[in-house]
Amino acid sequence: MRHGMIILGAALLLSGCVSTNSSSDNNSATKAIPPKITVKQSPPRSPHNIEAERKAAKTALNKDISELWRKFPGKTGIAVKRIDGDWTIGKRLDDLFPQQSVSKVWVAMTVLEQVDRGKISLTDPVRITRDDLAVFHQPIRTQVIRDGSVTESVLSLMERAIIKSDNTANDSLLRTVGGPREVRRFISSKRLGRIRFGPGERLLQSGIAGIDWKQEYSLGRKFYTARANQPYEARKRALDKYLADPVDGATPRALVEALDRLAKRDILSSRSSDLLLGLMTRVTSGPRRLKAGVPAGWKFLHKTGTGQDLPPISTGYNDIGIMTAPDGTRYAIAVLLADTTATVPERMRLMQAVSRAVARHHI
């Protein structure tokens, strides 16, 4: 009997232990209250705060640009203008720099202004013969030499001049609108600031080389041969004269302000502005200049320029363009190298660093 009572007591005790543990687990699963998570709300950004942040970003960008400029050899001009914020920063903003093929933009604008006025049409035919060939980069030359002449529309030549930087196509447009004097009239009438326009590709490049232009120089490597036959000192005098007072010079400030006005449709009609901006989006030259530093998600359009070399100096290595952030904010940029001993990769890295800095400090 006593033995049975002991067994029954042990069973009750064991039963009570199991029951207690199960009750505890159930209470934890069904009655435990998770800890309350408090999310700290950021105060709304007031216009004053946003303006302060943008001012700080502008200061930081200016510091970065100044450091890049300080370390780079040669005469360098840099300008950045926030198109939708109306400020400009940079270095040597008001010095004249050789434009080289950047100046094709002003020829295209002059063409489009005459289209806007009904003086010419984009479909007008333009005939090009061997006597119209220029120098350096001119892909159309092969067709002209093969066929004796080529007839293309104004629009087709503009595409060649802006997208491919074809010198003969550009000079043919220049002839069509009335020559250098007409482009200068356009620049002055639109109050584009300190932007010069030279005498056309043939006279510009032969003058820089210190030789008199002959039409035969447009064929093969004849220009290069004539230039190489010039004494080094004669070439240096001609190049130094050009760099000291470039006949096709422009200031970084004037260039970004012109891009600003083009973007705002303030120079040409909306239709002509859209056409030119679209062509600049399709530019194939200089893919490793400013463009290579533009982040994914941003849009970019530009026009490059490249001058002559007289070792160890390279001249007129340029790129100007418009960067558009994913939120639609636009920046006009100009990087101009009047003369430098830096290698081509080093020049490209400078330009890429500038466009990266603009994106990095965008607010």
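**View 1. Helices H3 and H5 pack at an angle of about 160°.** Their axes lie 10 Å apart. This view, like the others, shows a predicted model. Angles over 145 degrees count as roughly antiparallel. H3 and H5 are therefore roughly antiparallel to each other. H3 passes H5 in a left-handed crossing. On the H3 side, Lys104, Val105, Ala108, Val111 and Leu112 make the contact. On the H5 side, the contact is made by Val154, Met158, Ala161 and Ile162. Sorted by type, the residues of this contact are 8 nonpolar, 1 charged and no polar.

**View 2. Helix H5 spans residues 154–163 and has several buried residues.** They are Val154, Leu157, Met158, Ala161, Ile162 and Ile163. What do the buried residues of H5 pack against? Their helix partners are H3 (104–116), H6 (167–177) and H12 (270–281). Their strand partners are S4 (125–129), S5 (149–153) and S7 (299–305).

**View 3. Serine 165 follows H5 and has a positive phi.** The angle is near 55°. Most residues other than glycine have a negative phi. Serine 165 is a residue other than glycine, yet its phi is positive. The residue sits in the loop between H5 and H6. Is serine 165 buried or exposed? Its relative accessible area is 8%. Buried means under 20%, so serine 165 is buried.

**View 4. Arginine 265 also has a positive phi, of about 60°.** Arginine 265 is not a glycine either. Where is this residue found? Arginine 265 lies in the loop between helix H11 (252–263) and H12. H12 is one of the elements that the buried residues of H5 pack against. The relative accessible area of arginine 265 is 33%, so this residue is partly exposed.

**View 5. Phenylalanine 136 lies in the loop between S4 and helix H4 (141–147).** Its relative accessibility is 23%, so phenylalanine 136 counts as partly exposed. Which residues does phenylalanine 136 touch, not counting residues up to four places away in sequence? They are Asn167, Gln205, Phe223, Tyr224, Arg227 and Gln308. Take asparagine 167 as an example. In sequence, phenylalanine 136 and asparagine 167 are 31 residues apart. In space, they are 7.3 Å apart, C-alpha to C-alpha.

**View 6. Proline 311 and proline 312 are joined by a cis peptide bond.** Omega is near 5° for this bond. Most peptide bonds are trans. Proline 312 is in the loop between strand S8 (309–310) and strand S9 (313–324).

View 7. Of its 363 residues, 47% are buried. The contact between phenylalanine 136 and Asn167 joins residues from separate parts of the sequence, 31 residues apart. The protein exposes about 18400 Å². Carbon and sulfur atoms supply 54% of that area.

Definitions and conventions
Residues numbered from 1 in each chain as written. Predicted model: local features only at pLDDT ≥ 70, side-chain atom pairs only at ≥ 80, totals over all residues. Heavy atoms only, no water. Buried < 20%, exposed > 50% of the residue type's maximum accessible area, 1.4 Å probe, protein only. Areas by Shrake-Rupley, 256 points an atom, 1.4 Å probe, with all protein chains shown as cover. Helix = DSSP H or I, 4+ residues; strand = E, 2+ residues; numbered from the N terminus. Contact = heavy atoms within 4.5 Å. Axes fitted to C-alpha atoms, helices over the stretch in contact; angles between N-to-C directions. Parallel < 35°, antiparallel > 145°, perpendicular 65-115°, else oblique. Left-handed = near helix turned anticlockwise from the far one by under 90°. Nonpolar A, V, L, I, M, F, W, Y, C, P; charged D, E, K, R; others polar.
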